[in-house]
Amino acid sequence: MNPITRRRFTKGAASIAGLTLAAPYISRTHAQGSSGTVNIFAWAGYLNDEMLAAFEKATGIKANYTPYGTNDELLNQLRANNGGGFDIIWPTVDRVPNYVEFDLVQPIDESKVEVAKCLPSAWENSKNLGAVIDGKRYQVPTDWGTEAIAFDKDQAPLEYGTASYGDIWKPEMEGKATLRGHSGLVGLGLWLEAEGKLPMPMLEAFKSEEKMTKIYDVILAEAIARKANIAQFWSNENEAQGAFRVNGCAIGQTWDSTAAALAKEGLPIGFVAPKEGALTWMEGVAIPKGAENVEQAYAFINWFLTPEAGAIYTNTTSINSTAVGAADLTSDEAKAFFAAAYPGDALEKLWWWPIQESWFVAKRNEYQDRFLSA
């Protein structure tokens, strides 16, 4: 049996993106800001006092951290500020084209990034996932994770190989499930695709409005028919955790970080990739067009790609770092969570989010609203 490690995710990334992993890279070191401040707008829970203190100790730069809860919240805030107000933002890679479309971010100066610190597979695969547009890179990949099946080990035990998005929609889970509206429809779609009930593969929905309508009409009808299963919808980390902690949910489609946090509290919550493939995202940092502390922003990027920073990040969030060497420094608890979530061939089956263009996001939200209001 092959050992399960975070490094193996690169094989899954390659199979989806169809790219070569062995791309060469060049190590570069540059003098960057060693004082001043950097203003970071990142997902809630991604940074903590330990990380901010370590960054300041290493660079002399004070980091101001403002959290947000969703990709749409981040995009709307940047649009309201016309690309100003922050020096670092943290979009998922498939949404980066939205920021470029609205002229909110500036191209990354790759000569200022220590590229050798980033897993070559993440750097290369991010090009096809949305980080590079018209030959210009707008994001440095820093982390990746999944949305899969969180489950109560006592009430709804699951095992890899048989666990499915369909488990959320079984009759016996009525009133016991939680999911996020728009991504829950994708998970349901993957189950229906595996059952031969979609008119075409789920991925086709991201290619045109016509195909999306044909696919999502089927998904929405099924979701509404089974809506009684959903005890609570979530839209951010706190809501997802609350579904299990206080609202009695026994199964759900959540982020890996959700299940990991609940398990750390001692709750009997497991997390496993479904047989259809865990929904997988890559994230990274981008520099807004109106950033005022650009050199400090690059200093943060290069610090975050150190193995030490990557390990702190993974131990804190249970989200996987793209920093070379970080996986070796993670805690035993983090290693055990990863092995339980992605056993067997789970890493080879990762389902990577395609680029979500603006038309898709708008249409996706329409279907989500119809589901929520049904």
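**View 1. Three strands build an open sheet in the order β2-β1-β3, with parallel pairing.** This is a predicted model, in which local features need pLDDT of at least 70, side-chain atom pairs count only at pLDDT 80 or more, and totals for chains, interfaces and linings use all residues. Residues are numbered from 1 along each chain as its sequence is written, and side-chain values use heavy atoms, without hydrogens and water. Strands (E, at least two residues) and helices (H or I, at least four) are DSSP runs numbered from the N terminus. Two strands pair if DSSP finds at least two bridges between them. The edge strands, β2 and β3 (88-89), each pair on one side only.

View 2. Strand β1 (residues 37-43) pairs with strand β2 (residues 62-68) in the parallel sense over seven bridges. From β1 the chain passes through helix α2 (residues 49-59) to β2, a right-handed β-α-β crossover. Right-handed means that, with the strands pointing away from the viewer, the path from the first strand over the helix to the second runs clockwise.

**View 3. The largest pocket holds about 710 Å³ of space.** A pocket is an open set of points on a 1 Å grid over the protein atoms alone, where a 1.4 Å probe fits, with protein on both sides within 12 Å along at least five of seven lines; lining residues have an atom within 4 Å of a point. Grid points are joined across faces, edges and corners, and the volume is the space filled by probe spheres set on them. Of the 42 lining residues, W43, G69, R180, W234 and W255 are closest to the pocket centre. Elements that each supply at least two lining residues include α3 (71-80), α6 (181-194), β11 (279-285) and α14 (358-373). The lining divides into 14 nonpolar, 19 polar and nine charged residues. Here Ala, Val, Leu, Ile, Met, Phe, Trp, Tyr, Cys and Pro count as nonpolar, Asp, Glu, Lys and Arg as charged, and the others, Gly among them, as polar.

**View 4. A334 sits in helix α13 (residues 332-341).** A334 counts as buried because its relative accessibility is 5%, and buried means under 20% relative accessible area (1.4 Å probe, protein chains only). A334 and T314 lie 20 residues apart in sequence, with 7.3 Å from C-alpha to C-alpha.

**View 5. C118 is buried at 1% relative accessibility, and C249 is buried at 3%.** The disulfide count is zero, with a disulfide taken as a pair of cysteine sulfur atoms within 2.5 Å.

Key. Buried < 20%, exposed > 50% of the residue type's maximum accessible area, 1.4 Å probe, protein only.
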